[in-house]
Amino acid sequence: MMKLRNDKGLFTAEYSLIGENHVTKGMENQDQIKFGEFASSVRFLVVSDGVSSAAHALLGATAAVETVEKLAMDISSNKILMNDIKAIQSYLVKHWKENFVADWNQYAATLNFIIYYDHQLLLGQLGDGLIALTVDGETKVMKNYEEFYSSETPALGEVVLRKDLKVESCFVNNSFSGYIVTDGIGKEVNEDSYMPLERYLFELSMNPELFVKEIVPWIDGLGAKNGDDKTLGYIRMEDL
(Lines give C-alpha, C1' and ligand atoms only; values in the text may rest on other atoms or scores of the structure.)
Protein backbone atom coordinates (compact mmCIF):
# COMPACT_ATOMS: atom_id res chain seq x y z
CA MET A 1 0.00 0.00 0.00
CA MET A 2 1.26 3.47 -0.82
CA LYS A 3 1.73 5.75 2.17
CA LEU A 4 0.71 9.38 1.60
CA ARG A 5 0.87 12.63 3.50
CA ASN A 6 -1.02 15.61 2.15
CA ASP A 7 -0.81 18.80 4.23
CA LYS A 8 -0.78 22.47 3.32
CA GLY A 9 2.51 23.04 1.50
CA LEU A 10 3.63 19.43 1.92
CA PHE A 11 2.95 16.22 0.01
CA THR A 12 4.85 12.96 0.36
CA ALA A 13 4.44 9.46 -1.04
CA GLU A 14 6.20 6.22 -0.12
CA TYR A 15 5.83 2.92 -1.96
CA SER A 16 7.92 -0.23 -1.95
CA LEU A 17 7.35 -3.49 -3.83
CA ILE A 18 9.20 -6.74 -3.20
CA GLY A 19 10.85 -8.14 -6.32
CA GLU A 20 10.24 -11.59 -7.75
CA ASN A 21 13.89 -12.50 -7.11
CA HIS A 22 13.29 -12.28 -3.38
CA VAL A 23 9.81 -13.81 -3.50
CA THR A 24 11.14 -17.00 -5.11
CA LYS A 25 13.91 -17.21 -2.48
CA GLY A 26 11.48 -16.70 0.39
CA MET A 27 13.20 -13.46 1.37
CA GLU A 28 11.81 -10.14 2.54
CA ASN A 29 11.90 -6.87 0.62
CA GLN A 30 15.47 -5.58 1.08
CA ASP A 31 14.51 -1.93 0.37
CA GLN A 32 13.72 0.50 3.18
CA ILE A 33 12.08 3.93 2.93
CA LYS A 34 11.05 6.62 5.39
CA PHE A 35 9.76 10.19 5.47
CA GLY A 36 10.06 11.99 8.79
CA GLU A 37 10.36 15.38 10.46
CA PHE A 38 11.54 17.05 13.64
CA ALA A 39 9.61 20.02 15.02
CA SER A 40 8.23 20.65 11.51
CA SER A 41 11.50 22.42 10.68
CA VAL A 42 13.62 19.50 9.48
CA ARG A 43 12.11 17.06 7.03
CA PHE A 44 13.79 14.08 5.44
CA LEU A 45 13.15 11.39 2.85
CA VAL A 46 15.50 8.43 2.74
CA VAL A 47 15.65 5.25 0.67
CA SER A 48 18.10 2.39 1.16
CA ASP A 49 18.54 -0.78 -0.88
CA GLY A 50 20.17 -3.75 0.82
CA VAL A 51 22.78 -5.30 -1.47
CA SER A 52 21.53 -8.73 -2.54
CA SER A 53 24.88 -10.42 -2.08
CA ALA A 54 25.10 -9.33 1.57
CA ALA A 55 23.85 -11.89 4.10
CA HIS A 56 22.19 -9.28 6.33
CA ALA A 57 21.27 -6.66 3.73
CA LEU A 58 17.88 -5.82 5.25
CA LEU A 59 19.48 -5.02 8.60
CA GLY A 60 22.01 -2.84 6.79
CA ALA A 61 19.31 -0.95 4.89
CA THR A 62 17.31 -0.45 8.08
CA ALA A 63 20.40 0.94 9.81
CA ALA A 64 21.06 3.26 6.87
CA VAL A 65 17.57 4.77 7.18
CA GLU A 66 18.00 5.14 10.94
CA THR A 67 21.38 6.84 10.42
CA VAL A 68 19.86 9.49 8.14
CA GLU A 69 17.05 10.00 10.63
CA LYS A 70 19.63 10.59 13.36
CA LEU A 71 21.53 12.97 11.07
CA ALA A 72 18.32 14.96 10.49
CA MET A 73 17.70 15.11 14.22
CA ASP A 74 21.24 16.37 14.88
CA ILE A 75 20.83 18.96 12.13
CA SER A 76 17.61 20.14 13.78
CA SER A 77 19.49 20.72 17.04
CA ASN A 78 22.44 22.36 15.22
CA LYS A 79 24.88 19.66 16.27
CA ILE A 80 26.01 19.39 12.66
CA LEU A 81 25.84 21.99 9.87
CA MET A 82 24.19 21.34 6.51
CA ASN A 83 27.17 22.72 4.59
CA ASP A 84 29.85 20.73 6.43
CA ILE A 85 30.05 18.08 3.74
CA LYS A 86 33.13 16.21 4.98
CA ALA A 87 31.72 16.02 8.50
CA ILE A 88 28.43 14.66 7.15
CA GLN A 89 30.19 12.04 5.05
CA SER A 90 32.15 10.85 8.08
CA TYR A 91 29.01 10.98 10.24
CA LEU A 92 27.03 8.73 7.90
CA VAL A 93 29.70 6.03 7.72
CA LYS A 94 30.58 6.16 11.43
CA HIS A 95 27.03 6.02 12.75
CA TRP A 96 25.98 3.31 10.30
CA LYS A 97 28.94 1.11 11.27
CA GLU A 98 28.14 1.55 14.97
CA ASN A 99 25.06 -0.62 14.45
CA PHE A 100 27.24 -3.70 13.87
CA VAL A 101 30.24 -5.19 15.67
CA ALA A 102 32.15 -6.25 12.55
CA ASP A 103 31.76 -7.90 9.12
CA TRP A 104 30.21 -4.71 7.74
CA ASN A 105 30.15 -6.06 4.19
CA GLN A 106 27.54 -8.58 5.31
CA TYR A 107 25.21 -5.61 5.96
CA ALA A 108 25.98 -3.66 2.77
CA ALA A 109 23.33 -1.22 1.61
CA THR A 110 23.02 1.70 -0.80
CA LEU A 111 21.78 5.07 0.39
CA ASN A 112 19.86 7.98 -1.16
CA PHE A 113 18.35 10.84 0.84
CA ILE A 114 16.98 14.40 0.88
CA ILE A 115 16.99 16.56 4.03
CA TYR A 116 15.37 20.01 4.22
CA TYR A 117 16.16 22.59 6.91
CA ASP A 118 15.94 26.37 6.98
CA HIS A 119 15.84 26.94 3.21
CA GLN A 120 18.60 24.43 2.54
CA LEU A 121 18.55 21.01 0.94
CA LEU A 122 21.06 18.31 1.73
CA LEU A 123 21.31 15.52 -0.84
CA GLY A 124 23.21 12.30 -0.39
CA GLN A 125 23.86 9.25 -2.53
CA LEU A 126 25.96 6.12 -2.24
CA GLY A 127 25.58 3.35 -4.78
CA ASP A 128 22.69 2.54 -7.09
CA GLY A 129 19.80 4.96 -7.08
CA LEU A 130 18.37 8.09 -8.62
CA ILE A 131 17.34 11.43 -7.17
CA ALA A 132 15.60 13.96 -9.44
CA LEU A 133 14.53 17.37 -8.16
CA THR A 134 13.09 20.69 -9.22
CA VAL A 135 14.32 23.43 -6.88
CA ASP A 136 12.78 26.88 -7.43
CA GLY A 137 12.26 25.98 -11.08
CA GLU A 138 15.80 24.62 -11.60
CA THR A 139 16.34 20.92 -12.23
CA LYS A 140 18.83 18.72 -10.42
CA VAL A 141 19.73 15.05 -10.84
CA MET A 142 21.95 12.79 -8.73
CA LYS A 143 22.50 9.36 -10.19
CA ASN A 144 24.78 6.39 -10.21
CA TYR A 145 23.59 5.38 -13.66
CA GLU A 146 26.73 3.59 -14.76
CA GLU A 147 26.52 1.34 -11.73
CA PHE A 148 23.05 0.03 -12.60
CA TYR A 149 24.68 -2.53 -14.89
CA SER A 150 27.82 -3.19 -12.85
CA SER A 151 28.41 -6.30 -10.77
CA GLU A 152 30.06 -4.16 -8.08
CA THR A 153 27.90 -1.58 -6.35
CA PRO A 154 29.39 1.08 -4.04
CA ALA A 155 27.59 0.78 -0.73
CA LEU A 156 27.86 1.24 3.00
CA GLY A 157 30.23 -1.51 4.06
CA GLU A 158 33.69 -2.13 5.49
CA VAL A 159 35.33 0.38 3.13
CA VAL A 160 33.48 3.46 1.86
CA LEU A 161 35.41 5.72 -0.51
CA ARG A 162 34.73 9.45 -0.13
CA LYS A 163 34.40 9.78 -3.92
CA ASP A 164 31.54 7.26 -3.90
CA LEU A 165 29.59 8.96 -1.09
CA LYS A 166 28.14 12.00 -2.84
CA VAL A 167 26.84 14.71 -0.52
CA GLU A 168 25.91 18.23 -1.56
CA SER A 169 23.77 21.11 -0.34
CA CYS A 170 21.86 23.86 -2.10
CA PHE A 171 19.66 26.83 -1.23
CA VAL A 172 15.87 26.73 -1.56
CA ASN A 173 13.96 29.98 -1.73
CA ASN A 174 10.30 29.02 -2.10
CA SER A 175 9.69 25.43 -3.22
CA PHE A 176 11.09 22.09 -4.28
CA SER A 177 9.79 18.72 -5.40
CA GLY A 178 11.47 15.48 -6.32
CA TYR A 179 11.72 11.73 -6.12
CA ILE A 180 14.11 9.02 -5.04
CA VAL A 181 14.01 5.54 -6.59
CA THR A 182 16.03 2.40 -6.11
CA ASP A 183 17.61 0.70 -9.12
CA GLY A 184 14.65 -1.65 -9.62
CA ILE A 185 12.85 1.43 -10.95
CA GLY A 186 15.75 3.65 -11.95
CA LYS A 187 17.23 1.28 -14.49
CA GLU A 188 13.88 1.20 -16.30
CA VAL A 189 13.74 5.01 -16.66
CA ASN A 190 15.60 6.49 -19.64
CA GLU A 191 17.97 9.32 -18.79
CA ASP A 192 15.98 11.79 -20.88
CA SER A 193 12.89 10.87 -18.86
CA TYR A 194 14.28 11.68 -15.40
CA MET A 195 12.82 15.18 -15.26
CA PRO A 196 9.64 14.51 -17.25
CA LEU A 197 8.89 11.85 -14.63
CA GLU A 198 9.47 14.42 -11.89
CA ARG A 199 7.08 16.84 -13.58
CA TYR A 200 4.50 14.08 -13.98
CA LEU A 201 4.73 13.17 -10.30
CA PHE A 202 4.40 16.85 -9.40
CA GLU A 203 1.19 17.15 -11.40
CA LEU A 204 -0.21 13.94 -9.93
CA SER A 205 0.61 15.11 -6.40
CA MET A 206 -2.10 17.75 -6.73
CA ASN A 207 -4.58 14.86 -6.74
CA PRO A 208 -3.48 12.19 -4.21
CA GLU A 209 -6.09 9.66 -5.33
CA LEU A 210 -4.87 9.93 -8.92
CA PHE A 211 -1.24 9.70 -7.74
CA VAL A 212 -1.95 6.28 -6.25
CA LYS A 213 -4.07 5.18 -9.18
CA GLU A 214 -1.34 5.97 -11.71
CA ILE A 215 1.90 5.19 -9.90
CA VAL A 216 1.17 1.94 -8.04
CA PRO A 217 0.19 -0.01 -11.20
CA TRP A 218 3.17 1.47 -13.07
CA ILE A 219 5.64 0.27 -10.43
CA ASP A 220 3.89 -3.09 -10.07
CA GLY A 221 4.10 -3.51 -13.85
CA LEU A 222 7.87 -3.10 -13.79
CA GLY A 223 7.99 -6.53 -12.15
CA ALA A 224 7.69 -7.99 -15.63
CA LYS A 225 10.94 -6.23 -16.62
CA ASN A 226 13.18 -7.09 -13.69
CA GLY A 227 12.99 -9.08 -10.46
CA ASP A 228 14.51 -6.44 -8.17
CA ASP A 229 12.76 -4.77 -5.26
CA LYS A 230 11.28 -1.43 -6.32
CA THR A 231 10.92 1.63 -4.12
CA LEU A 232 9.83 5.20 -4.81
CA GLY A 233 9.76 8.16 -2.46
CA TYR A 234 8.34 11.53 -3.49
CA ILE A 235 8.26 14.89 -1.71
CA ARG A 236 6.85 18.31 -2.58
CA MET A 237 7.26 21.36 -0.33
CA GLU A 238 5.91 24.81 -1.19
CA ASP A 239 5.60 28.31 0.33
CA LEU A 240 8.74 27.84 2.41
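Which residues point one way from β5, and which the other way? I opened the predicted model with this question. Leu111, Phe113, Ile115 and Tyr117 lie on one side of β5. Asn112, Ile114 and Tyr116 point the other way. I noted that the residues of both sets are all buried.

**Entry: burial of β5**

I then looked up the strand as a whole. Strand β5 covers residues 111-117, and seven of its seven residues are buried, so the strand is largely enclosed by the rest of the structure.

**Entry: strands paired with β5**

I turned next to the pairing of β5. Strand β4 (residues 42-49) is joined to β5 by six bridges, and the two run antiparallel. For Val46, I found Phe113 as the bridge partner in β5.

The hairpin of β5 and β6 has two residues between the strands. Asp118 in this hairpin adopts a positive phi near 50°.

**Entry: salt bridges**

How many salt bridges does the count come to? I recorded eleven.

I looked up Glu69 and Lys34, whose side chains form a salt bridge with an N to O distance of 3.0 Å. This pair links distant parts of the chain, since Glu69 sits in helix α2 (residues 57-76) and Lys34 in strand β3 (residues 31-38), 35 residues apart.

I then checked Glu98 and Lys94, which meet through their side chains in a salt bridge at 2.7 Å, N to O. Lys94 has a relative accessible area of 46% and is partly exposed.

For Asp164 and Lys163, I noted a salt bridge whose closest N and O atoms are 3.2 Å apart. Lys163 reaches 65% relative accessibility; exposed means over 50%, so Lys163 counts as exposed.

**Entry: a network**

Which residues are linked in a network of salt bridges? I recorded Arg5, Asp7, Glu37 and Arg43 as its members.

Definitions and conventions
Residues numbered from 1 in each chain as written. Predicted model: local features only at pLDDT ≥ 70, side-chain atom pairs only at ≥ 80, totals over all residues. Heavy atoms only, no water. Buried < 20%, exposed > 50% of the residue type's maximum accessible area, 1.4 Å probe, protein only. Helix = DSSP H or I, 4+ residues; strand = E, 2+ residues; numbered from the N terminus. Pairing = 2+ DSSP bridges. Salt bridge = Lys/Arg side-chain N within 4 Å of Asp/Glu carboxyl O.
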